[in-house]
Amino acid sequence: MNRAADTTTPAPGGEAAPLRIGEGKPMFDLDGIDLAARVADRSEIERFNPHRHEMSFLDALVWASPDRSRGVAIKRVRDDEFWVRGHFPDMPLYPGVLQIECGAQLACYLFNSRRQEPVVAAFLRIQDAAFRNKVCPGDDLYILCADIKFGRRQFVCAVQGVVQDRVAFEATISGMSMANR
């Protein structure tokens with residue numbers, strides 16, 4: 001299935017640029033983004049996300065568009081994490097489901113950062129997930145997220161993981177506010 005998107009949202013410079021989903025390269029241009037920057041640290045992310053302890057995966061927000069429709073976060077993949085010993089012995093690979101969860105956490109952060117009060121946003125659906133390159137301890141996994149649809153209670157986002165200019169994974173995810181349910 002060709003998932004290349006024709007969606008446009010603000011690029012780092014502010015101009016509209018198409019999302020490149022399903023093309024095997026970062027879905028939006030990272031050249032104008034300082035990947036060493038830290039817009040929000042782990043404690044700031046926790047103001048908007050309910051994830052805690054070993055399930056809080058994002059180390060920092062690197063960049064977000066002014067309208068919070070796009071963002072880039074970093075996950076430093078460490079060799080002391082709970083999954084390393086068993087996935088897989090002698091060749092640890094960061095599990096794909098945890099990569100997708102990183103994308104869901106960035107989507108949740110962006111969703112909540114546009115609300116007056118943060119809510120628990122449940123992860124509802126994964127579509128068109130593809131795992132293209134391995135992620136190992138010692139890697140910096142940059143998570144990219146861009147709105148496809150955004151509403152008061154729901155969101156649909158394209159998410160992607162990039163390690164050293166290689167796309168590690170990509171998917172479309174959706175979530176929904178659990179408030180007033």
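Reader: With which residue does Lys 75 form a salt bridge, and how far apart are the closest N and O atoms?
Author: The model is predicted, and local features need a pLDDT of at least 70, side-chain atom pairs count only at pLDDT 80 or more, and totals for chains, interfaces and linings use all residues. Residues are numbered from 1 along each chain as its sequence is written, and side-chain values use heavy atoms, with hydrogens and water left out. A salt bridge here is a side-chain nitrogen of Lys or Arg within 4 Å of a carboxyl oxygen of Asp or Glu. For Lys 75 the partner that meets this rule is Glu 81, and the closest N and O atoms are apart by 2.8 Å.

Reader: Are Lys 75 and Glu 81 buried or exposed?
Author: Burial is judged by relative accessible area, with a 1.4 Å probe and protein chains only: under 20% is buried, over 50% is exposed, and values in between are partly exposed. Lys 75 has a relative accessibility of 2%, while Glu 81 has 9%. Lys 75 therefore counts as buried, and Glu 81 likewise counts as buried.

Reader: Where does Glu 81 lie, and which residues does it contact beyond its neighbours within four places in sequence?
Author: Helices (H or I, at least four residues) and strands (E, at least two) are DSSP runs numbered from the N terminus, and Glu 81 is placed in the loop between β5 and α2. Its side chain makes a polar contact with that of Lys 75 at 2.8 Å, a polar contact being a pair of N or O atoms within 3.5 Å in which, within protein, one must be able to donate a hydrogen and the other to accept it, and residues adjacent in sequence count only if both atoms are side-chain atoms. With contact meaning heavy atoms within 4.5 Å, and with neighbours within four places set aside, the residues touching Glu 81 are Lys 75, Arg 76 and Tyr 94.

Reader: In what order do the seven strands of the open sheet stand, and which two are at the edges?
Author: Two strands pair if DSSP finds at least two bridges between them. In the open sheet the pairing is antiparallel, and the order is β3-β4-β5-β7-β8-β9-β6. Two strands have a single partner each, so one side of each is left without a neighbour in the sheet, and these edge strands are β3 (40-41) and β6 (121-131).

Reader: Which residue in β5 is the bridge partner of Ala 64?
Author: Strand β4 (residues 60-64) and strand β5 (residues 70-76) pair in the antiparallel sense over four bridges. Within β5, the residue that partners Ala 64 is Gly 71.

Reader: How many bridges join β8 and β9?
Author: On one side, β8 pairs with β7 in the antiparallel sense over eight bridges, and these two strands form a hairpin with three residues between them. β8 also forms a hairpin with β9, with two residues between them, and Gln 164 in that turn has a positive phi of about 50°. Val 162 stands opposite Val 167 in β9, and the number of antiparallel bridges between β8 and β9 is 10.

Reader: At what angle does helix α2 run to β6, and how many of the residues of α2 are buried?
Author: Axes are lines fitted to C-alpha atoms, for helices over the stretch in contact, and angles run from 0 to 180 degrees between N-to-C directions. Helix α2 (residues 96-112) lies across β3, β4, β5, β6, β7 (140-150), β8 (154-163) and β9 (166-177), and its angle to β6 is about 130°. The helix is largely enclosed by the rest of the structure, because the number of its residues that are buried is 16 of the 17.
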